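Here is a friendly set of notes to read alongside the model. Please keep the sequence and the 3D view open as you go.

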Amino acid sequence: MSTVFLPKTHYINGKSKTAPQLLAKLLEQLISTSFSPDTKPVIVCIGSNRVPGDSLGPLVGTRLSRKKDFFLPVYGTLNFPIHALNLNDAMRAIKEIHPGSPVIAIDASLGSRRHLNYITVSSGSLFPGAGVNKDLGAVGDIAITGIINTSGELAQLALQSTRLSTVINLAEHIAEGILLAAFLYSEKPAKFS
């Protein structure tokens, strides 16, 4: 197995038609180089179904969970969101149900104006709530975020006033990228079977 170097955080333009393909390729590389081939990742989608800007994770989780042939466990949907109030309990339960499984964590994020509508992918954890000054701890072994609005002093207002079309577009690209990555893995022998 060759070593693939990826920058700590990779940015993908979420408005690009090739965003899902780029995300799939990066996910495949990260998982292939970071985890055992026989380990099945768990998808954890973080966010609230009550705040437009924070609904990216549950939208991704809902889309993935509705695909009949998607074989990875998915937690965090519009009907059963994982958010600030239940995150610690949910992560404890997930680790108990899937011991040793790597976690791909997905969440909305706030960022600079130049990165608005971008998807980030990185090896390592994400920190839910950091954009609104909440310390909820680290989640995941691979982090995917959709930058839905700009950060600043009025972060909570930014989440409330984010265009739903921005969130939906990013959620669709992220879900499609994960589905493509899963398809790539299902085509390889001894992967996720």
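1. Which residues does I43 touch, not counting residues up to four places away in sequence? With contact meaning heavy atoms within 4.5 Å, I43 touches L64, F70, L72, P73, V74, Y75, I104, I106 and I178.

2. A word on the ground rules. This is a predicted model, in which local features need pLDDT of at least 70 and side-chain atom pairs count only at pLDDT 80 or more, while totals for chains, interfaces and linings use all residues. Residues are numbered from 1 along each chain as its sequence is written, and side-chain values use heavy atoms, with hydrogens and water left out.

3. Now the sheet. Six strands make up an open sheet of mixed pairing, ordered β1-β5-β6-β4-β2-β3. Strands here are DSSP runs (E, at least two residues) and helices likewise (H or I, at least four), numbered from the N terminus; two strands pair if DSSP finds at least two bridges between them. At the edges are β1 (9-13) and β3 (74-75), each pairing on one side only.

4. Look next at β5 (residues 118-123) and β6 (residues 142-150), which pair in the antiparallel sense over five bridges. S123 has I142 as its bridge partner in β6. Helix α1 (residues 19-34) packs on the sheet, where it touches β1, β4 (103-111), β5 and β6. The direction of α1 makes about 5° with that of β5; such angles run from 0 to 180 degrees between N-to-C directions, using axes fitted to C-alpha atoms, for helices over the stretch in contact.

5. Helix α3 (residues 87-97) also packs on the sheet, touching β2 (42-45), β3 and β4. Its direction makes about 170° with that of β2.

6. Helix α2 (residues 56-65) is mostly covered, with seven of its 10 residues buried, that is, under 20% relative accessible area with a 1.4 Å probe, protein chains only. The buried ones are L56, G57, P58, V60, G61, T62 and L64.

7. Back to I43: together with I178, it has the most contacts inside the largest nonpolar core, which has 36 residues. Such a core is a set of buried Ala, Val, Leu, Ile, Met, Phe, Trp, Tyr and Cys residues joined through side-chain atoms within 4.5 Å. Helix α5 gives the largest share of this core, nine residues. Apart from it lies another core, of 13 residues, including I46, I94, L126 and A143.

8. Finally, S101 sits in the loop between α3 and β4. Leaving aside neighbours within four places in sequence, S101 is in contact with T39, K40, V42 and D141.

Notes. Buried means under 20% relative accessible area, exposed over 50%, partly exposed in between (1.4 Å probe, protein chains only).
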